[in-house]
Each structure stands twice: as C-alpha cells, then as structure tokens.
There are 2 protein chains.
Amino acid sequence: MDFQSYFPMWNQLTREQQAQLSGSAFQRSVPKGTVLHNGSADCTGLFLLVTGQLRAYMLSPEGREITLYRLFPMDICLFSASCIMRSIQFEVIIEAEKDTSMWVIPSEVYKQVMTQSAPLANYTNEIMASRFSEVMWLIEQILWKSLDKRLAGFLLEEAALEDTPSLKITHEHIANHLGSAREVVTRMLRYFQSENLVHLTRGTVEIVDSGRLSQIAQE
Amino acid sequence: MDFQSYFPMWNQLTREQQAQLSGSAFQRSVPKGTVLHNGSADCTGLFLLVTGQLRAYMLSPEGREITLYRLFPMDICLFSASCIMRSIQFEVIIEAEKDTSMWVIPSEVYKQVMTQSAPLANYTNEIMASRFSEVMWLIEQILWKSLDKRLAGFLLEEAALEDTPSLKITHEHIANHLGSAREVVTRMLRYFQSENLVHLTRGTVEIVDSGRLSQIAQE
C-alpha cells in the first residue's frame, strides 16, 4: 500500500509538506499483544495501518477494560499522537490485537504540517469525528442495549473478523470487551447455550445459531 | 462580549475571512426550553454563547435521555453545525436550559472559511477534542462510577450552577440527566435523605450536607 494513499488530500499539500511527511515516516512491525500507546504520557506518532489490527480501549481504576474501537488496514490511528492537540484530555490504550505492520509519522512533524495546511487539518478533523462517532455509538450500546444484545452482536462480529464460527476466546476477554464482569458474561453465555445458540467448551465459544443471535443483536 | 474574542486565532485569518465570518453572523435569543438542534437533519450553524446555558443530550429509542455536556457563555457549539463534517455520524439534541442569547454563524460560511484557513480548522479541531474529552469522561462515569457517586456529583453541580442548595427539580429530570430510571433515582434520593444528606419535598431536593455529598462524589 502506497504511503500517500492514506491521505486523500495528498495533492493539496505542497511538495515541501509532502516531503516532510513521507521523509519522516518509518515502518514498524510489532507482534500481537504489543501495547503501542499507553495514555497521554506517550506521544509516539500517527500510525497508518498496513496489515494487522489495533484495539483502542480504556482501563478503569480497578483494571476493567472496555474496547472503544478497532483499527484495520488503511485506518489512521490519531490518539497515539494525542499530544498534537492539547484539548485531548483522556487516556486511551492502544494494543496490537494481531501481528501488525504500520507506517509511523512522528507527532511533531505531523503537527507542524497540520498547523500550516488547511487540507491536512480538515482531514484530521474528519478522522477525529469518525472516532467520536464510534464512541457515541458505544455509549448508546452501553446505556440502552442490554447485555444479551451486546454479547450476541460481539460474538457475530468476532466470528466475522476471524472468519470462523468457533471462537478461541475466554469469558474474561469477552467481559473486558463489553466493560462487564466475567461472571455476568459466563451466566449469559450459559443462557445462550441452554437456548442452543452457542456451544461452550474450554476456551472456545462456538456459534451454533447465527441467525437467532443476529435477531437478538438487532432486537 | 466581542464577536472576535470567541476566536483566539482571529488575527491569523485574512481580512476577507474575518469579514465572511462577522458579516454573516447574526444574533439570536431563545427562551428556556427551546430545542435548537435535533439530530443530523438540522444544520443551523455554529452557536457562540453570549448569555444563558445549553444542554447537549442523546435520546434512546424509548425516549430516555442522557446529558452529554453543557455549554456556557463564551463556549462554541459545534454540533449544531454537524453538517460541516461528514464523519459526524451521531445524533445530538441541543436545548436551551436557560433563556439564552447567542451569535449564529451559518454552517456553509463557517465551512468555507475552515476549508481555506488552517488556523480555523485547527481551532475547530481543538473544540471537537474538548467535547470528545467530556464524552469520554461521561463513559467513565457511566461504566465505573456507581449511581450514588454520580447522583451526589450531579446535585452538587446543579447547586453550584443555580447558586442555591434548594433545587427545584423532579426525580424524572435527574434520571434523564443520569441516563437512569426515575424509580432508581427516587430510591437513591430516599437513601440520601435517610442519611441526612438531602431533604426531599414535593418538587424540591434540598442539599443538607454538601460536605458528605462531596465525599461520596469523590470516593
């Protein structure tokens, strides 16, 4: 994938600005599980995903997690460079959920070009608005969708991402994703099993009836 | 209040851009309770608050509300002009919580200047990042703060805003603010009363012990 294809407004940058961005960018590959960014102390740079998958999540004081959104190839990760905007006053952790390779643009270089270039500033605005929209969607999920719906939706999404109905995933892992407690998730999964929606074995959740799960998710 | 004092980067705009913004802006006054913006269908323009108070909230399919944030004099309301960014994919309702007067900058004018001006685009970025931060704070409240803490914090905030310990407010109204159910809020208020933290009469919640409420809120 071409570096400049991440920026639809590339041609509206000056030659000098293009050179600043592409000249400072470097490639980085990390194994699954690597924490790439941990709260506002870090300001590594913008990540442009080439292959793999990133997860952005928050951590409660008690260590509970909730997934905010995921990033896929061709996505740009803005909050790993959160210092480019002083009004970003929240802590997000970014972790590689699969082996991941990416371009990194150093924060100070990106900020410098963004300060001069209206097209780049407006494009950055759009990226932030996208993430904002995902987080607003999450609030609606948390507030107004009950756990059965959220769990059903999560299992289907996971199966689609992994391209298998047989998910190698712990109940704790699911609970972290949903910002819930493991016991609560286990109870709901057992309920799903009793309804013949899933089949549970050690470390695996197998989707048996994706049609009805999808109904529950959309109810 | 001076129109240009809303824009700390005013001097970085060209004369023409300054004239576009100030020439198109008009003043508007609305009584308390007016719904100024209702979801993505509306795209009235940017509101620059002069006096009064606005509330941004979301509405569930069942009609439950949750307050996202409030805006005060000198604040800029961006989402009333959400059409300036196509990546804003969520529905926010904006309501005048007090009699309110404001400047309105038409969306298309603002967008046109923002497209040309890196300083204005970057300033808009900062406004959005501030709102994003408030919403992230809210997620933490919802997920990880129990209702007693949130209710105590809400009552104290309300008392500070209204400058009185005696709040004319219904339990339903409080429940809407907290994204909770009226019954749940009533139960918690009665618990607070039994602990001599508040005194309840019809339509009024009087704060009796703000010191202990503040302890609860911060626990």
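These are my notebook entries on a predicted model.

**Ground rules.** I number residues from 1 along each chain as its sequence is written, and chains are lettered from A in the order in which they are written. Local features need pLDDT of at least 70, side-chain atom pairs count only at pLDDT 80 or more, totals for chains, interfaces and linings use all residues, and side-chain values use heavy atoms, without hydrogens and water.

**Entry 1: a helix in chain B.** I looked up helix 1 of chain B, residues 15–24. Helices (H or I, at least four residues) and strands (E, at least two) are DSSP runs, numbered from the N terminus. Its buried residues are B:Q17, B:Q18, B:Q20, B:L21 and B:S24. Buried is under 20% relative accessible area, exposed over 50%, partly exposed in between (1.4 Å probe, protein chains only).

**Entry 2: a sheet in chain A.** Here 4 strands form an open antiparallel sheet, in the order 1-8-3-6. Strand 1 (26–30) and strand 6 (76–77) of chain A are at the edges with a single partner strand each, so one side of each has no neighbour in the sheet. Strands pair if DSSP finds at least two bridges between them. Strand 3 (residues 46–51) and strand 6 of chain A have 2 bridges. A:L48 has A:I76 as its bridge partner.

**Entry 3: one serine.** I found B:S130 in helix 3 (residues 118–144) of chain B. B:S130 counts as partly exposed because its relative accessibility is 26%.
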